[in-house]
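Biologist: I would like to learn how to read a model of a complex. Please take me through it feature by feature.

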Amino acid sequence: MTATLQVENLETQFPTRDGIVRAVDGVSFSVDAGEILGLVGESGSGKSITGFTILGLIDPPGRIANGSVKFKGEELTTASPERLRSLRGARIAMIFQDPMMTLNPVLRVDTQMIETVQAHEKVSEKAARARCIEALQAVGIAAPEERLKSYPHQFSGGMRQRIAIATALLHKPDLIIADEPTTALDVTIQGQILYEMRKLCRDTGTALIWITHDLSVVAGLADRIMVMYAGKIVETGAIDTVIERPQHPYTRGLIGSVPGAMPRGKRLFQIPGMAPAPLNLPPGCRFKARCSRADAVCDTMPELVELDPGHRARCHHPYDAMPLSPAEVAS
Amino acid sequence: MAVMSVLVFVGIYMIGDPLAILVSPEATELDREAIARSLGLDRPMWEQYFTFVTSALQGNFGKSFVFGQPAINLILERMPATLELALIATVTSVVIGVPLGLYAGLKHETVTARAIMAGSVLGFSLPNFWVGLMLIMVFAVQLGWLPASGRGPTMEVLGIQVSFLTLAGWKHLALPALTLGLSKCALIIRLARATAREVMLMDYVKFARAKGLNERRVIGVHILKNIMVPITTVTGLELGSLIAFAVITETIFSWPGMGKLLIDSIVNLDRPVVVAYLIVVVFLLVTISLIVDILYSVLDPRVRLGEAK
């Protein structure tokens, strides 16, 4: 069976006056139907750009320099703009980070949802409206007939994100790319939305890529996790193995900096230093400047190697397959 | 408007004595006084103002010293010509300016976009009267395609004389409307470009694309509707200033509108006409900003007040 999405050696670059920014640098992964992949990294690691690249929504002058994106076996990097348009919103949907910004403030909700239906299917406005009402009900919006006639500013943030999700679900897509959709929401709403998304993927076999910087969100949601650092994947594997036995020092640092992993009263772990400037990447391992284990070997770029079955890390000095002890992180 | 009326009244009182122009130099002192008394000019200023306000509130702005007709009638008679000119200039500048500005904003790195912007700088900085004169030179004098002055034949629609229904009327309208519209068009281009560049980076535009909408819908609905909010405001304000201060253009093209009447009246120190003109203009400006506010709430739902949630 072909994977829903198969990304091979993807490179997205932004030429700037000072040189080329390699926002996504040789990323490979795949997602199967019904699977939830957590894509984790800090700001500027290239995780959002990866999402936009898949949809063909990179703003010029950014471009795909290399690699392939196969959606159910169909190559997307060379597909025509019209073909991409017909896939977007119908077969591959995207949900954005800030629900306050994703709905057009001057158009009514029904306009924005019905146009999505009609962009892909020739249906009457009445039929389209019925579909929208159904979709809004599915995400838990009460009295959808009336709410459809409202403008976005009349909804709270959580409600707007539900509308965005409902819009994404209108065509029952095979793949949803969610770019930090719960970051801007309060915790109770976040929990509800996570639960609903998870249920949806299980029920409909929709593949989901959940992009986030928040490990604790992914831990409860995803099947697999992929950690990105400075445009490259540094560690990937099943969610439990990566969280419990991280091999890459960066992943270990990320986990150590989440509240809850540490005994009460202890200072949270901080990864020293800052992510390297995208224009001035050091040769070799991109994390070496911030890494306590780095030595001369790290001046060459490590490969992504499989240490345990299904668990791969890009490091010359990976941690053993041993649980992370709080004392170790704190030292 | 009350403040305006005081300002205008005092201002025009200071400019000069209309008697000097109205009365012929050979007239005797007795004649002078008779005329002054008949026009009410012998009384002190505050009394003149008081008389003016009481009658103005009853819709009577006094009679023109020069024409001997009620001032307000003179102005209303000329108003359609000015309104027509200003409206056509505004509509033209929006119809041309918005698409050009939108293009320049969306494709801001292309040569065409830069040419549009360079052109708008020209349109912006060329003085109105010079543009008018140049247009007359080229199209009326050199090429002889279009008439240089006057309004041409008019047709009556609902009791108002209009030119835009006949070809000859259009020919007369073309040059003055172009002159008036040019700088407004440049302004709208720049505004449309600036807001387009802002709006196109918004998440909702990206989301619209992610929904699979085609470019025509993304640009024509999602971007355009957001751009129209500031454009409407500015267009409204500019329309007001066009109506009020089309004076120079009307003078150059001998357009029989309110502006020309104002200039003639100032020259003749025809106080009632000047005062009535400015009152009418203030009234127009207030009306236009009211219309803009209403349009605004149609375009931008966020400014609608008192709507049930």
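Modeller: What follows goes from confidence to the sheet, the helices and the contact between the chains. This is a predicted model, in which local features need pLDDT of at least 70, side-chain atom pairs count only at pLDDT 80 or more, and totals for chains, interfaces and linings use all residues. Residues are numbered from 1 along each chain as its sequence is written, and chains are lettered from A and ligands numbered from 1 in the order in which they are written.

Biologist: What is the mean pLDDT of chain A, and what does chain B average?

Modeller: pLDDT is the predictor's confidence in each residue, from 0 to 100. Chain A has a mean of 82, with 95% of its residues at 70 or more. Chain B averages 76, and 69% of its residues score at least 70. For the complex, the predictor gives an ipTM of 0.79 and a pTM of 0.74.

Biologist: Which elements of chain A have the lowest and the highest mean pLDDT?

Modeller: Elements are DSSP runs numbered from the N terminus: helices (H or I) have at least four residues and strands (E) at least two. In chain A the lowest mean, 53, belongs to helix H12 (residues 326-330), and the highest, 90, to strand E9 (residues 224-229).

Biologist: In what order do the eight strands of the open sheet in chain A run?

Modeller: Two strands pair if DSSP finds at least two bridges between them. The order in chain A is E6-E7-E8-E3-E9-E10-E12-E11, with mixed pairing. Strands E6 (92-95) and E11 (304-308) of chain A are the edges, each pairing on one side only. From one strand to the next, the twist averages 20 degrees. E6(A) runs parallel to strand E7 (residues 175-179) of chain A, joined by four bridges. In that pair, Met94(A) stands opposite Ile177(A) of E7(A).

Biologist: Which helix packs on that sheet?

Modeller: Contact here means that the C-beta atoms of two residues, placed from the backbone, lie within 7 Å. Angles run from 0 to 180 degrees between N-to-C directions, and axes are lines fitted to C-alpha atoms, for helices over the stretch in contact. Helix H1 (residues 47-55) of chain A touches E3 (36-40), E6, E7, E8 (207-212) and E9 of chain A, and its direction makes about 145 degrees with that of E7(A).

Biologist: Where do E1(A) and E2(A) come in, and how many bridges do they share?

Modeller: Strands E1 (residues 5-16) and E2 (residues 19-31) of chain A are antiparallel over ten bridges. A hairpin of two residues joins E1(A) to E2(A), and Thr16(A) stands opposite Gly19(A) of E2(A). E1(A) also pairs antiparallel with strand E4 (residues 63-71) of chain A, over seven bridges; there Glu11(A) has Asn66(A) as its bridge partner.

Biologist: Is Glu180(A) buried or exposed?

Modeller: A residue is buried if 20 or more other C-beta atoms, placed from the backbone, lie within 10 Å of its own, exposed if 12 or fewer, and partly exposed in between. Glu180(A) is buried, because 20 other C-beta atoms lie within 10 Å. Glu180(A) sits in the loop between E7 and helix H8 (187-204) of chain A, and its phi is near 45 degrees, a positive value in a residue other than glycine. Lys172(A), in the loop between helix H7 (157-169) and E7 of chain A, also has a phi near 45 degrees. With 13 other C-beta atoms within 10 Å, Lys172(A) is partly exposed.

Biologist: How many residues of H9(B) are buried?

Modeller: Seven of the eight residues of H9(B) are buried, among them Tyr204(B) and Phe207(B). Gly212(B), with a positive phi near 90 degrees, follows H9(B).

Biologist: How many residues does each chain give to the contact?

Modeller: Chain B gives 21 residues and chain A 25. On the side of chain B, helices H9 (203-210) and H10 (215-244) are the elements that give two or more residues, and H9(B) gives the most, with seven.

Biologist: Which residues does Gly236(B) touch?

Modeller: Gly236(B) lies in helix H10 of chain B. Leaving aside residues up to four places away in sequence, Gly236(B) touches Ile288(B), Ser289(B), Ile291(B) and Val292(B). The C-alpha atoms of Gly236(B) and Val292(B) are separated by 5.9 Å, although these residues are 56 residues apart along the chain.
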